[in-house]
Amino acid sequence: MEALDDRVRVGQAGLGAWGANLVRNVEELADLRWICDADEAREEQFSRRYPSARATGSFDDLLADPELEAVVIATPVPTHFELARRALEAGKHVFVEKPPAMRAGEMEELVALAEERGLVLMPGHLLLYHPAVLKLKELVDSRSLGDVLCIYGNRQNLGKIRKDENALWSLGVHDLSVILYLVGEEPTEAWAHGNSFLTPGVEDVVFCYLRFPSGKIAHMHLSWLDPHKMRKITVVGLDKMAVFDDMELERKVTVYEKAPEQPTHTYGEWRTRTGDIFSPKIANDEPLRLEVSHFLRLVREGGDGAEARDGLAVVRTLERLQRSLDEANGS
Ligand SMILES: NC(=O)c1ccc[n+]([C@@H]2O[C@H](COP(=O)([O-])OP(=O)(O)OC[C@H]3O[C@@H](n4cnc5c(N)ncnc54)[C@H](O)[C@@H]3O)[C@@H](O)[C@H]2O)c1
């Protein structure tokens, strides 16, 4: 247990459905000084739960506290950029839920501001802290799968129907952060098709295609209008294939020894080979706790800004995909 004085002094804005999970972890791992929500009823509800934190409806109160070192932002997406910019300008380290901005230009501004001031800017790309994704990364980087050929994500459900963000920005940001992390490149091509069936201008179903400089390709199927609840990422290598299925309780990652092969006696003909199917052990740690711990460590020990730059690559790619989606829809 860290001495109380060593803990990072944090204020959190946004105490909604997701903010409630975040603040629980912040309270356990840091010195929670402020809680803030624009909704008075929420503010009251959480001030009863966390009586030692000061409660407010105004973000300015957090920024004006000279002792506060960091802010956590879990408000709706359209507010992220403005709140993060103001917090960085006030000299606070920032953890901001995904995506931190809805335009690449705005994200560039945040990254530059954090660099200039020597502050941490960490986007909430939760899956990058998921032990199963770290296992996929290890399988890719150690070349256990051979050359990676393609990656695809399925994030479908008959789920929460959003009105201010489409399926690309709401769901795709997760898969995209993982795909860019696994490939380690930014795509040269980014195409998206989809349609808004329920709310004009808000696509409920989106299909995306990405192609990378190395020739790897990726696909994402994103939808909240689907009979299947799927949260799955498949990595196809030339030697093996791996699947991360977040709906599985135990077998989060499965490795398939399935591959094409060209035995010499077949004179150039491709055949397929199937071998063992196994599930490596994946630690049961809560990804959100790992993510918050990572942020607090960066605040204390400093970092090289990699998280913010990765966040920029994600927003840049989302923006290109959105442009493609708009062109396809003639808007
Ligand atoms: N990483 C993940 O897996 C994950 C999962 C769900 C949501 N999220 C993200 O978390 C964020 C919040 O999502 P949610 O589902 O909790 O939304 P929500 O609508 O349930 O909660 C948002 C809260 O922010 C408050 N708020 C709005 N503007 C504010 C302001 N200026 N200052 C203070 N409070 C303000 C609202 O009153 C509300 O209580 C979104 O960015 C969403 O993308 C991330």
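Here are some notes on the ligand site and the pockets of this predicted model.

1. Ground rules first. The model is predicted, so to speak: local features need pLDDT of at least 70, side-chain atom pairs count only at pLDDT 80 or more, and totals for chains, interfaces and linings use all residues. Residues are numbered from 1 along each chain as its sequence is written, and side-chain values use heavy atoms, with hydrogens and water left out.

2. The ligand shell has 20 residues, and Ala 17, Trp 18, Asp 37, Ala 38 and His 80 come nearest; a residue is in if one of its heavy atoms lies within 4 Å of the molecule. By class the shell splits into eight nonpolar, seven polar and five charged residues. For the classes, Ala, Val, Leu, Ile, Met, Phe, Trp, Tyr, Cys and Pro are nonpolar, Asp, Glu, Lys and Arg are charged, and the others, Gly among them, are polar. Helix H1 (residues 17-29) gives the most to the shell, with three residues; helices (H or I, at least four residues) and strands (E, at least two) are DSSP runs numbered from the N terminus.

3. Now the polar contacts (pairs of N or O atoms within 3.5 Å). A side-chain N or O atom of Asp 37 is 2.6 Å from a ligand oxygen. Thr 75 uses a backbone N or O atom, 3.2 Å from an oxygen of the ligand. Glu 97 has a polar side-chain atom 3.3 Å from a ligand nitrogen. The protein covers 79% of the 850 Å² of accessible area that the ligand has on its own (Shrake-Rupley, 1.4 Å probe).

4. The ligand's space is the largest pocket, where sitting in a pocket takes more than half of the molecule's atoms within 2 Å of its grid points. A pocket here is an open set of points on a 1 Å grid over the protein atoms alone, with protein on both sides within 12 Å along at least five of seven lines, and lining residues have an atom within 4 Å of a point. This one holds about 1500 Å³, a volume being the space filled by probe spheres set on the points. Of its 47 lining residues, Ala 17, Trp 18, Lys 98, Arg 162 and His 174 are closest to the centre.

5. H1 also supplies the largest share of that lining, four residues. The lining has 19 nonpolar, 15 polar and 13 charged residues.

6. The second largest pocket has about 290 Å³. Among its 15 lining residues, Leu 249, Lys 252, Ile 282, Ala 283 and Asn 284 are closest to the centre. Its lining has six nonpolar, two polar and seven charged residues.

Note on methods: A polar contact is a pair of N or O atoms within 3.5 Å; within protein, one must be able to donate a hydrogen and the other to accept it, and residues adjacent in sequence count only if both atoms are side-chain atoms. On a 1 Å grid over the protein atoms alone, a cavity is a set of points where a 1.4 Å probe fits but cannot get out, and a pocket is an open set with protein on both sides within 12 Å along at least five of seven lines; lining residues have an atom within 4 Å of a point.
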